[in-house]
Structures are given as structure tokens and as C-alpha cells.
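I opened this notebook to record what I looked up in one protein model.

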Amino acid sequence: MSTHPHTRRWALKAAAAAAALGSLAMGMTGNAQAQPLDGPLRLVVGYAPGGTTDMVARFVGDRLAQTLGVPVVVDNKPGAGGRLAAQQLKGAPAGQNVLMVANPAVMVVAPLVFKDNGYDPERDFQAVSHVNDYDFGLAVAPGVPAQNLTQLLDWMRANPNQSNIGVPATGSLPHFFALMLGQSAKVRAEVIGYKGSATVITDLIGGQVPIAVDTFDAQLPHYQAGKFRILAMSGAKRSSLAPDVPTFKESGLDLTGTGWNAFFAPAAMPREKVDRLAQAIQAVMQEPEMQRRFADNKLVPVVSTRAQTEAMLKAYRAQWAPVVKTSGYQP
């Protein structure tokens, strides 16, 4: 029986984590009881309930409550694209049991585009654990005569006035990935921001916009229904949910990009407590049931140490900062 690349990826991550963490998953509960948190743990999410970041917080929070032996509460504080939560949490005193679940829009993009962002992600927060990734897809409307990325780029060069790329929002990661695509492929295209995935997908299906870059989970149901074609995926490997769609690298363009969710602690939280919470999250994320839960929701689960999370953030900022800055985007 064959195994799809993302399935192998999850299995390898889980195996590596198990080797590194040993019996942490079984022993963490006892350790937490020996040195419990001094009260409930609050997980702050800068978005309304129902979105991906909120879903991740609830998945992990449910298991953390059992692992740590204390109540875990998800605290939704929507506003300003997730920045409001970060602004409110940055100065939390050392004694608070609180973490923030955030994505690149809050921890990478916003500090680059807002002159008075209200927080410094590197100074005001400590990275705790990177828990999932998600890819972007490059999709084309039914009427676009391109069956692969090479044909699409040729079509775009031959039809520059028609080569508009729809994205779910201006200033979003798909927006900047579309700009990265244009720079890497040396094609000129106007990026058009919509008000969410639903509207850009509707226009793509109807042919009002010929090309779209969006999160893979938003595109997948419509792709599976045959309403449009996804020509390339942004991840390093193909998705097991669409194994026939190649990556950009496989299609001849050296381009990768992903979104993610990670846990962050306020700067004042003692390192011992941050380390203990990071270990608990690692233990939760290495559980097969948790990996399946993420995969069932089209998210790539990640098991990550604090050091690995910090390295990921550093590399991510190095990749995306030049694109955001040179784009000239102003909110």
C-alpha cells in the first residue's frame, strides 16, 4: 500500500518527536501534578471563533487540560486583524498563565506594514511551539487555457492585460505569495484583493478573475468538485489530499511558502514555565490522534521544540520581509 508524501511527513515528524521526547507524553501529567500551574491556562486568539487559528487553539487546548491537569480556556479577542490581542497581551505580568496562538499575519507581516504596530514580536513575546503549517494553491478559472504552471506563465506573458490574480484579502499571506510568484517567474500581474476566500473563489469559478492564490484548505472542496484547476502547491511536498497537484519546485519554479500557527508567551513569563508549557504542547502534538485531527482539517501537524520554533520564525522573517517591504503595501 502506497503512502502519500504528507502522510509520510507527519509520520516522520511524529517518530522524530517520539525519539526526542521519549516518554514525555505519558510522564508529563505526573510532572504537571508535581509542579502544577497555579491556576487555569488561558489561550488568547486574536480572531472570532470558527477560524483556523481558533480551531488550532481549541484542538490543542482540549488535550493540554488533560495533560497539565488544569482548566484551559480559549479567550477570543478579535480586532485589528489579530493585532489587538497581541497589543493587550504583550505586557502580561510574569504570574499570568497565558499563551497566545498566532499566525504570520500577526507575528511577521503586521510589524512590517504598520508604522505604529503597538508591539514588537521579538521583544514582547517568547516563542513556545510551532504546531501546524498550511499551504497555498495557485488556481485557474475553467476558461484559462493552461494545464500546468509553465503553460500558465506563458499565457500570462502573452496576455499581460488579463493576468489578474485574485487573493482573499490585501495584505494577506496569499497576497504576498502572489507577489513572490510574479517576482520569481518574472511576470507582471495585478493582484486583486477580495473580502475573503468565498468571494474570490466565486469569481474564479465564474471567470471574473482568471487566477487566484488562496489557502489550500479553502480551495480544496471546489477543486475536488471540478469547478477549477489547481496548478501548483506552495509546500515543499505534495499534499496527500491532492496528490496529482505538483509543487512549484516540481513545476520548475524555485518557490515555496507556507502559513502556520504557533504558541507564544509574554516576555515576562519565567523561562521554566515557558519550557514546561512547550514540552506539554510537544507531547500533545506527537499523539497520533492529534495528528489525525489536524490532517482531517487539511492542516499539516508539526511537532517542534522551542529552539526549532525560534529557528523557523527567523527563517520565515528572512524570506517574507523583503517581499513585504518591496511591495510597498500600505494598509
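The entries below follow that order.

**Entry 1: basis.** I note that this is a predicted model, in which local features need pLDDT of at least 70 and side-chain atom pairs count only at pLDDT 80 or more, while totals for chains, interfaces and linings use all residues. Residues are numbered from 1 along each chain as its sequence is written, and side-chain values use heavy atoms, with hydrogens and water left out.

**Entry 2: whole protein.** I recorded 13 helices and ten strands; these are DSSP runs numbered from the N terminus, helices being H or I of at least four residues and strands E of at least two. Of the 331 residues, 53% are buried (under 20% relative accessible area, with a 1.4 Å probe and protein chains only). I looked up contacts (heavy atoms within 4.5 Å): among those between residues at least 6 apart in sequence, 77% join residues at least 24 apart.

**Entry 3: largest pocket.** I took a pocket as an open set of points, on a 1 Å grid over the protein atoms alone, where a 1.4 Å probe fits, with protein on both sides within 12 Å along at least five of seven lines; lining residues have an atom within 4 Å of a point. The largest pocket holds about 690 Å³ of space, the volume being that filled by probe spheres set on the points. Its lining has 31 residues, of which Tyr-47, Asn-103, Ala-105, Ser-172 and Leu-173 are the closest to the centre. Helix α5 (104-113) is among the elements that each supply at least two lining residues, and the largest share, four residues, comes from α5.

**Entry 4: Ser-163.** I found Ser-163 in the loop between α7 (149-158) and β5 (164-167). Ser-163 counts as buried because its relative accessibility is 0%. Which backbone oxygen lies 2.8 Å from a polar atom of its side chain? That oxygen belongs to Asn-159, and the backbone oxygen of Met-156 lies 3.2 Å from a polar atom of the Ser-163 side chain. Beyond four places in sequence, Ser-163 touches Trp-155, Met-156, Arg-188, Ala-189 and Glu-190. I noted that Ala-189 is 26 residues away in sequence, with 5.3 Å between the two C-alpha atoms.

**Entry 5: Ser-129.** I located Ser-129 in strand β4. Ser-129 counts as buried because its relative accessibility is 1%. Its side chain reaches the backbone oxygen of Ser-304 at 3.3 Å. Apart from neighbours within four places in sequence, Ser-129 is in contact with Ala-262, Phe-263, Ile-281, Ser-304 and Thr-309.

Methods:
Buried < 20%, exposed > 50% of the residue type's maximum accessible area, 1.4 Å probe, protein only. Polar contact = N/O pair within 3.5 Å; in protein donor to acceptor, adjacent residues only side chain to side chain.
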